[in-house]
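Subject: Handing over a structure

Hi,

Here is the structure I said I would pass on.

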Amino acid sequence: MKYIDGFRNSETAVAISRQIKEIASKIDRQMTIMEVCGTHTMSIAKFAIRSLLPENIRLVSGPGCPVCVTPQGYIDAAIELAECGKVIVTFGDMINVPGTSSSLSRSRSSGTHVETCYSPADAVEMANKYLDRQVVFLAVGFETTIGPVVSIVDSALREKIENLSIFTTFKQIPPAMEALSSDSELNIDAFLCPAHVSAIIGEKAYEPFSAKYRKPCVIAGFEPLDILSGIKMIAAQISNGEAKVENNYSRVVKYDGNPKAREFINTYLEPADAQWRGIGNIPGSGLSLRKKFEKFDSEKKFGMKVDYKINSSKCRCGDVLKGKISPTECPLFAKVCTPSNPSGPCMVSSEGTCSACYKYSR
Ligand code: SF4
């Protein structure tokens, strides 16, 4: 508890807020800082961080919620697998994400077998339990969760499990940040970089695009004082005309991240293009199973044809995830789209920007 208090001390928060305002008062323009990670988005809303910032600092949310960036066509394909008799295993939030005309939750209500789990290891248990069925794990996630998910393949190999596969839509954060940096319409000045993802990829992963596009990047933890002091570091960089990568979460994140975790991931996966919901294709931003492991790749195993480009919804998650609009600018927000009746993934996910806004900022 003492540890948490240390990062939530209100007097320190007010003092850092004053320092940010002082730095920002010398910058004669609007600054847009993107917090890339969904957990940051939730903390910023929950602790009313925006209320502690000067008017010329605008925080916008980024695409760092894996559920939110999962394409509609992927959900449709997962529902189709369930309807063809496969056992679908997935994390909780995914079952409520709308596809084109249904969701996994609705599919389950109509009799398909969809299991929610807390750990990817549960998929291995399911495969051993339902030996006469094909079990498919919905492999959604960023660098932080990719390792544990890929360990399913490792277990299946060791235990000679034949009825288990993973339906991958893995995504990597730095290529997405680079794509957003290169979009001049978005006017993102700097990035508050994710905490847990950075523990795997390390500080150095941000250096190439930070230097190329001259974007200050600061890695921050999820506590309010981590975030505030990270914003202060960004403001100071902008004020000094700098664009470098700084680590404000060195109690967890190392310069080189976690090479062992990356080596494990590289054993099974190789870079691939990936479709991001509402954003589109980002070259090299995905990871897919290497050819020698393709018998565990659901798309190959079942000859699936996934339409990743489909977008039949009026949901504006894509614009929200690029920082182009705030959730309240979406015409559906809180009228048609609510947490109990979500029109898009950003309202479903516990890390979604619309969900955070609905819960804390209305
Ligand atoms: S409020 Fe709902 S419909 Fe609008 S962008 Fe957010 S999730 Fe999509």
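Predicted model: local features only at pLDDT ≥ 70, side-chain atom pairs only at ≥ 80, totals over all residues.

**Domains**

The chain splits into three parts: domain 1 covers 2–64 + 173–247, domain 2 covers 72–172 + 257–301, and domain 3 covers 317–361. If you take the C-alpha centres of domain 1 and domain 2, they sit 31 Å apart. Where these two touch, domain 1 puts in 14 residues and domain 2 puts in 14 residues. On the domain 1 side, the elements giving two or more residues are α8 (173–182) and α9 (196–201). Of the elements there, α9 gives the most, with six residues. That side of domain 1 is made up of 11 nonpolar, three polar and no charged residues.

**Helix pairs**

Start with α2 (residues 10–25) and α11 (residues 224–239). Their axes are 9 Å apart, and the helices pack at an angle of about 15°. α2 and α11 are therefore roughly parallel to each other, as angles under 35 degrees count that way. The crossing of α2 past α11 is left-handed. From α2, the contact uses T12, A13, I16, S17, Q19, I20, I23 and A24, while α11 brings P224, L225, L228, S229, I231, K232, A235, A236 and S239. Sorted by class, the residues of this α2–α11 contact come to 11 nonpolar, five polar and one charged.

Next up are α3 (residues 38–46) and α16 (residues 353–361), whose axes come within 9 Å and cross at roughly 15°. That angle makes α3 roughly parallel to α16. Here α3 passes α16 in a right-handed crossing. On the α3 side you will find T41, M42, A45 and K46, and they meet T353, A356, C357, K359, Y360 and S361 in α16. By class, the α3–α16 contact divides into five nonpolar, three polar and two charged residues.

The last pair is α7 (residues 143–158) with α12 (residues 259–268): the axes come within 10 Å and cross at roughly 45°. That makes α7 oblique to α12. The crossing of α7 and α12 is left-handed. The residues that meet are I146, G147, V150 and V153 in α7 and A261, F264, I265 and Y268 in α12. This contact of α7 with α12 has seven nonpolar residues, one polar residue and no charged ones.

**The ligand**

So what surrounds the ligand? There are 14 residues around it, and the closest are C315, C330, C337, G344 and C354. Two elements, α14 (317–321) and α15 (345–348), are the ones that give two or more residues to this shell. By class, the shell around the ligand has 11 nonpolar, two polar and one charged residues.

Cheers

Technical notes: Residues numbered from 1 in each chain as written. Axes fitted to C-alpha atoms, helices over the stretch in contact; angles between N-to-C directions. Helix = DSSP H or I, 4+ residues; strand = E, 2+ residues; numbered from the N terminus. Parallel < 35°, antiparallel > 145°, perpendicular 65-115°, else oblique. Left-handed = near helix turned anticlockwise from the far one by under 90°. Contact = placed C-beta atoms within 7 Å. Nonpolar A, V, L, I, M, F, W, Y, C, P; charged D, E, K, R; others polar. Near = placed C-beta within 6 Å. Domains from an automatic or database assignment.
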